[in-house]
Amino acid sequence: MEKVPMLAEGYEKLTADLKVLRAERPKIVDAIEEARAHGDLSENAEYHAAKERQGQVEALIGDIEDKVSRAQIIDPTTLSGDKVIFGATVTLLDEDEKPLKYQIVGQTEADAAKGRISYNSPIARALIGKQVDDEIEVTVPSGDRFYLIKKIEFI
């Protein structure tokens, strides 16, 4: 089984989400029972909505349980080195010398608006294994982009 790398805070968020979803299970069962009591199930929108939500919740629980069971928790503060790896925070300069800062994180933790990119995103794949002063080229929908690695931190 392939491990799923993530930071500790990503793992905590997943387990919190799992707890919320598990707490929702009995409420859905109650909603199904209540809708069932209304009679004819073929035209009972409440029943069908509750059953659909039950399916969604069970699928989410299964997905999160799978990720949690395969989680490989990585603490970036314990890492070091001069190459970009999972957990590293990288400062780049774009073609206009504008600095960009990204932390390479797990898929469930990625949030580009906060500067957190998934390790299997195009930019992260181009960065991993590179060093300070290396140039990278990333193909994005708007064309090719070039970046210079200015700093690698493990924070």
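Where does E109 lie? In this predicted model, in which local features need pLDDT of at least 70, side-chain atom pairs count only at pLDDT 80 or more, and totals for chains, interfaces and linings use all residues, E109 is found in the loop between β4 (99–105) and β5 (116–118). Helices (H or I, at least four residues) and strands (E, at least two) are DSSP runs, numbered from the N terminus. Residues are numbered from 1 along each chain as its sequence is written, and side-chain values use heavy atoms, with hydrogens and water left out.

A polar atom of the E109 side chain does, however, lie 2.9 Å from the backbone nitrogen of G106. Neighbours within four places in sequence aside, E109 is in contact (heavy atoms within 4.5 Å) with M6, L7, E9, G10, F86 and R116.

E97, in the loop between β3 (89–93) and β4, has phi near 65° and counts as exposed because its relative accessibility is 57%. D133, in the loop between α3 (122–127) and β6 (135–140), has phi of about 75° and is exposed, with a relative accessible area of 52%.

Technical notes. A polar contact is a pair of N or O atoms within 3.5 Å; within protein, one must be able to donate a hydrogen and the other to accept it, and residues adjacent in sequence count only if both atoms are side-chain atoms. Buried means under 20% relative accessible area, exposed over 50%, partly exposed in between (1.4 Å probe, protein chains only).
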